[in-house]
Amino acid sequence: MTNTRSARPTGTLRPADKLRTASAALERLLAAHSITALRISIGLIFTYFGMLKFFPGASPAEALATRTIDLLTLGMVPAGAALLMTAVIETFVGLSLITGVGLRTGLVVLYGALAGIVSPLVLFPGELFDGVVPTLEAQYILKNVVVACAGAVVAAKALGSRLVASR
């Protein structure tokens, strides 16, 4: 009995082998660069929103930020200073994430900033929720849960953890 199938040329991969090879390459690429991409993307967001606060009226979060700082500081920080302080903090965090310079300090400041950023959920719940439905401002604040988790991943790497491909 003879085999009617033609022999596969030497060096040719089957589709399943090609898929495994591509998957392994993608895994290595992601292990090598995904946390850096995450760090830079968070940095770009913080830098952009921080820079907006340097220009009065440019940030959609301006009024909420100044009211929050006014309440948290018992009225001791004027609105203009509060906005400038927020702009400096957010821009510093963003630039440290983008460049990696002062990263550990930037991450500590990030978590301090996040505490202030989410505090309106506790301070102004009646304004931020229509019953159980979050307003657009509340949604803007709630998305920072993802930023906090992403920051934890970046912090883990900054403290020495490694993401490595399994192959």
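This is a predicted model: local features need pLDDT of at least 70, side-chain atom pairs count only at pLDDT 80 or more; totals for chains, interfaces and linings use all residues.

**Pocket and helix packing**

Guide: Helices α1 (15-52), α2 (62-72), α3 (79-99), α4 (103-118), α7 (136-142) and α8 (144-158) each give at least two residues to the lining of the largest pocket. Helices here are DSSP runs (H or I, at least four residues), numbered from the N terminus.

Visitor: Where do the numbers come from?
Guide: Residues are numbered from 1 along each chain as its sequence is written.

Visitor: Which residues lie nearest the centre of the largest pocket?
Guide: T86, E90, A113, G116 and I117, out of 26 lining residues. A pocket is an open set of points on a 1 Å grid over the protein atoms alone where a 1.4 Å probe fits, with protein on both sides within 12 Å along at least five of seven lines; lining residues have an atom within 4 Å of a point.

Visitor: Now the helices: at what angle do α4 and α8 cross?
Guide: Roughly 160 degrees, with their axes coming within 10 Å. That makes α4 roughly antiparallel to α8 (angles over 145 degrees count as that; they run from 0 to 180 between N-to-C directions, with axes fitted to C-alpha atoms over the stretch in contact).

Visitor: And α3 with α4?
Guide: Those axes come within 9 Å and cross at roughly 140 degrees.

Key. Side-chain values use heavy atoms; hydrogens and water are left out. Angles under 35 degrees count as roughly parallel, over 145 as roughly antiparallel, 65 to 115 as roughly perpendicular and the rest as oblique.
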